[in-house]
Amino acid sequence: MRSIGFYVSIAFFLAVTAGISAQEANNNPEDRAEGTANRPIFVFEEGLTASWLTRIIRQTERSNFVFRDFLPGLYFRTDLHNLPYVTPMVRLAVYYPLISTFNNFPQKPNTPLHYAADLTTGLHFRLFDFRFLRLNMGPALHVFFLNSDRWNYLNIGGAAFAGLEAPVSRNWTIIANGFVSLDNGNAGANRSMEPFDIVYQYQIDLGVRYSKKIQNNTERSSAE
């Protein structure tokens, strides 16, 4: 039986995705003429993502128990622009646990019907903004859920992230993000029988953003 958290994550993903068309549909020349460039504006990005999850149970008389998972998936992210100093963001990703190992030995699941969901929310700061390259980074809170043969795992912790943006036209931007998190991995059903001592995770995103309200200022776009 799938958990309530899974359905909540999917509902949130669909609701926010549906907001893309509504947000951009409000764009028109009259709005820009009235100064909407200075108002808070949501922008959206989406694309491919991948996660490398490591969970460790320390041992005293032998080598540690090390569980590793590789999870490819899809992500969706929204940022709130035009606020002073910082830009809030919320990111939701859904994954499929493709490869799992225990102390480097592959683990074959009893059933392939497993999934994972990841929620990250934080603030990012623009470090530099060149014409064809932007770098931003910041802290975040991180929640990760994994359904597996053994347990339903729930990780909660802190994360840091950095992102590179490469404008390719007035409205289109290619984006690469990287995340690293250190979590408490014992908020799920494993907390009594199989608690972990160390849980950390790496994630990368490769996505695109299309926006009419936050436009890029590039030599290429100015010639369009």
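Is His-124 buried or exposed? With a relative accessible area of 3%, His-124 is buried (under 20%; over 50% would be exposed, and partly exposed lies in between, with a 1.4 Å probe and protein chains only). Keep in mind that this is a predicted model, where local features need pLDDT of at least 70, side-chain atom pairs count only at pLDDT 80 or more, and totals for chains, interfaces and linings use all residues. Residues are numbered from 1 along each chain as its sequence is written, and side-chain values use heavy atoms, leaving out hydrogens and water.

Let's stay with His-124, which sits in strand S6 (residues 116–129); strands are DSSP runs of E with at least two residues, numbered from the N terminus. Leaving aside residues up to four places away in sequence, His-124 touches several others, including Arg-77, Val-86, Met-137 and Phe-161 (heavy atoms within 4.5 Å).

Now to strand pairing, which requires that DSSP finds at least two bridges between the strands. Strand S2 (residues 65–81) runs antiparallel to strand S4 (residues 99–102), with 4 bridges, and Phe-70 has Ile-99 in S4 as its bridge partner. S4 also pairs with strand S5 (residues 105–106), again in the antiparallel sense, over 2 bridges. S4 and S5 make a hairpin with 2 residues between them, and Asn-103 in the turn has a positive phi of about 50 degrees.

Finally, have a look at Val-208 in strand S10. Val-208 counts as partly exposed because its relative accessibility is 31%.
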